[in-house]
Amino acid sequence: MRLRFWKMHGLGNDYLYFDLREPIATAVDWAALSRQICDRHFGVGADGIILIGEMPGVDATMRIFNADGSESEMCGNGLRALAKWLYDRGLAGSKQVIATGAGNLEPEVVETQAGRATLIRVNMGHPSFDAANLGGSPLIEDLLIGEDYSLVCSAVSMGNPHLVVFGPLWDDDRLYRLGPVLERHPRFPDRINVHTVEITGKNQLAMRHWERGAGPTLACGTGVAGATALAVRLDRVTSPVTVEVPGGQIMAEWNGPGTPVYLTGPAEEVFEGFFPWP
């Protein structure tokens, strides 16, 4: 059997999309497929796969598997790319509702070129600093101590968990050394995404990411949203904020408690293909 997919990315955070509304001849082990197809040497290569489904009352549903086969609640870059995929094919309008593991989210196409979406603004939902959403006690500018590190960290949930370390951006050695250790810190039983964040201006951040189940990525939308909310809460930046990630720039807005985070950024379609399975 050959499975049809589309490769898309937001700021280099790339995913392979499968349309579950198309007939598929047999049941698919999506976790196993994700591990195989996302391999950048022996597969197509991606940070994960996204399954496009349908449900009454929404334009589409979105289910995410990371490159290691684990499942994630949400991905902001993946959501923008899905909104583009739907808009470009006339399957949804400029304002959409997408059902995700983090609830219904509402991307909006705000710029187009030749009838195709180029810039998408997404209501990412409300940041949460509560223990119930982070697998432990709240963590705001507190110490995490391990065998070879002592870091002041903060945690936030955007429907999925994020650990943020403010300070100078980590180099490759530190990111690759501390990323996987912090991802699996016992304080976070479901693992956690890890971000190093540098304040570069009163409306500017720079970030690097170690994503749960994917490792280093060029962008992480939910991470940008969570880090921006933390930086605003700690009075280190003023919204709106331009965030520089390895894959480019994205705009983030958060106006304080009781309001959602908005992200505005690009999405691109790379190619369409077929993958043999099993």
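Contact here means heavy atoms within 4.5 Å of each other. The model is predicted.

**Helix α3**
- Helix α3 runs over residues 172-183, which makes 12 residues.
- At 1.5 Å a residue the helix should span 16 Å, and its end C-alpha atoms are 16 Å apart, so the two values agree.
- The buried residues of α3 are Leu 175, Leu 178, Gly 179, Leu 182 and Glu 183.
- These residues lie on the same side of α3, because they cover an arc of only 125 degrees around the axis.
- The strands against which the buried residues of α3 pack are β9 (142-145), β10 (150-157), β11 (161-166), β12 (193-201), β13 (204-211) and β14 (215-217).

**Largest nonpolar core**
- The largest nonpolar core holds 52 residues, and the members that touch the most others in it are Tyr 17 and Val 243.
- Helix α4 (residues 221-233) gives the most to this core, contributing 7 residues.
- Leaving out residues up to four places away in sequence, Tyr 17 touches Arg 4, Phe 5, Trp 6, Met 8, Ile 50, Ile 52, Gly 78, Ala 81 and Leu 82.

**His 9**
- Strand β1 (residues 2-10) contains His 9.
- From the side chain of His 9, the backbone nitrogen of Gly 12 is reached at 2.9 Å.
- Not counting residues up to four places away in sequence, His 9 is in contact with Asp 14, Ala 267, Glu 268 and Val 270.

Technical notes. Residues are numbered from 1 along each chain as its sequence is written. This is a predicted model: local features need pLDDT of at least 70, side-chain atom pairs count only at pLDDT 80 or more; totals for chains, interfaces and linings use all residues. Side-chain values use heavy atoms; hydrogens and water are left out. Helices (H or I, at least four residues) and strands (E, at least two) are DSSP runs, numbered from the N terminus. The expected span of a helix is 1.5 Å times one less than its number of residues. Buried means under 20% relative accessible area, exposed over 50%, partly exposed in between (1.4 Å probe, protein chains only). The arc is that of the directions from the helix axis to the C-beta atoms. A polar contact is a pair of N or O atoms within 3.5 Å; within protein, one must be able to donate a hydrogen and the other to accept it, and residues adjacent in sequence count only if both atoms are side-chain atoms. A nonpolar core is a set of buried Ala, Val, Leu, Ile, Met, Phe, Trp, Tyr and Cys residues joined through side-chain atoms within 4.5 Å.
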